[in-house]
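Subject: Structure for you to look at

Dear colleague,

I am handing over the structure below, together with some notes on what was found in it. Please read the notes with the structure open beside them.

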Amino acid sequence: MNGPLTKLRDIIRSYSSVIVAFSGGVDSALVLFVAKEQLGDRALGVIGNSPAYPESELADAIALADSCRLSVRVINTTEHRDPRYLANNADRCFHCRSHLFSALSQLALDEKFDCIADGVHADDLHDHVCGMQAARQYDVRSPLFEAGLGKTAVRALAHDLRLPVWDKPAMACLASRVPHGTPIEISLLSRINQAEAALRSLGFSDFRVRHHGLLARIELCPEDFPRALEHHEKIHQLLSAVGYRHITLDLHPRRRLTATTHPSSHIASAFSF
């Protein structure tokens with residue numbers, strides 16, 4: 001993997017100094033790790049915190065930065081005050097990322113950083129269209145994409161560099177659990193956050209709780225189905241406690257949804273606990 005890593009290092013070193021939009025996932029972690037390696041104190045990771053960012057992810061991102069000695073800062077973003085974001089139409093991600101990149105651009109200007117970088121990679125062309133459009137408006141660099149690295153290569157490099165998140169499941173914001181057209185509310189995001197925290201407390205790691213009003217649709221990997229059935233009473237109890245009346249398990253295997261797949265398109269293939 002020396003070729004791809006060398007290319008990535010060369011690209012990032014050319015930035016002179018950089019703010020990395022850091023979420024704690026493998027993609028942005030790899031960018032920030034290499035940026036720290038190549039640029040030292042001229043590399044800063046910034047976590048955009050908002051009601052749509054799970055509390056557990058924030059804690060994990062900070063812990064990861066501490067363990068890898070990466071410089072990070074947490075800022076509060078304000079997309080949850082933007083009516084265009086709250087409307088939850090197909091362009092929700094554009095408005096969300098625009099708020100983040102606007103804040104990072106101001107920070108870069110104030111503290112004289114050369115550029116902003118994100119963790120978009122070569123396999124993101126269809127999944128992150130709106131976010132990439134926002135990135136282009138703010139001249140955000142995508143070093144993984146520039147180096148031609150897809151997800152498999154990213155994980156391989158992260159593994160070789162001994163990043164502990166090299167095999168971490170992909171994470172998306174809590175707003176992505178809500179079907180387009182259902183307005184985003186802070187209380188709704190809080191309910192989803194609590195529901196997912198409950199599942200995490202039972203040992204599940206790669207999953208989603210999809211919100212459909214009073215119904216929660218749980219997406220799991222097939223290997224976790226038996227454990228979900230084993231703990232179905234506890235799952236029902238915990239998710240009922242946060243406000244869901246109906247709790248279902250989606251019989252389709254957990255997968256990464258594409259930008260063209262509507263979150264509610266598979267609701268008929270579920271059964272209730």
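Which element supplies the largest share of the lining of the second largest pocket? That share, five residues, comes from α3.

Before the rest, a word on the basis of these notes. This is a predicted model, in which local features need pLDDT of at least 70 and side-chain atom pairs count only at pLDDT 80 or more, while totals for chains, interfaces and linings use all residues. Residues are numbered from 1 along each chain as its sequence is written, and side-chain values use heavy atoms, with hydrogens and water left out. Helices (H or I, at least four residues) and strands (E, at least two) are DSSP runs, numbered from the N terminus.

The pocket

A pocket here is an open set of points on a 1 Å grid over the protein atoms alone, where a 1.4 Å probe fits, with protein on both sides within 12 Å along at least five of seven lines, and its lining residues have an atom within 4 Å of a point. The second largest pocket holds about 280 Å³ of space, a volume being the space filled by probe spheres set on the points, which are joined across faces, edges and corners. Its lining has 19 residues, with E57, K168, P169, R200 and S205 lying nearest the centre. At least two lining residues each come from α3 (55-67), α9 (186-201) and β5 (207-212). By type, the lining divides into eight nonpolar residues, three polar and eight charged, where Ala, Val, Leu, Ile, Met, Phe, Trp, Tyr, Cys and Pro count as nonpolar, Asp, Glu, Lys and Arg as charged, and the others, Gly among them, as polar.

The cores

A nonpolar core is a set of buried Ala, Val, Leu, Ile, Met, Phe, Trp, Tyr and Cys residues joined through side-chain atoms within 4.5 Å, and buried means under 20% relative accessible area, exposed over 50% and partly exposed in between (1.4 Å probe, protein chains only). The largest such core has 37 residues, and I12, V18, F22 and L30 have the most contacts inside it. The largest share of this core, nine residues, comes from α2. Apart from it lies another core, of 27 residues, which includes V178, A195, F207 and V242. Leaving aside neighbours within four places in sequence, I12 is in contact (heavy atoms within 4.5 Å) with V31, V34, A35, L39 and P143.

In helix α8 (residues 151-160), the residues K151, V154, R155, L157 and A158 are buried. Seen down the axis of α8, these fall within an arc of 165 degrees, so they line one face of the helix; the arc is that of the directions from the helix axis to the C-beta atoms. Just after α8, R162 takes a positive phi of about 60 degrees. A122, in the loop between β4 and α6 (129-137), is 32 residues from V154 in sequence and 9.8 Å from V154 in space, C-alpha to C-alpha. A122 is partly exposed, with a relative accessible area of 26%.

Two loop residues

N88, in the loop between α4 (83-86) and α5, has a positive phi near 60 degrees and counts as buried at 0% relative accessibility. D139, in the loop between α6 and α7 (143-146), has a positive phi near 55 degrees, but is exposed, with a relative accessible area of 62%.

With best wishes
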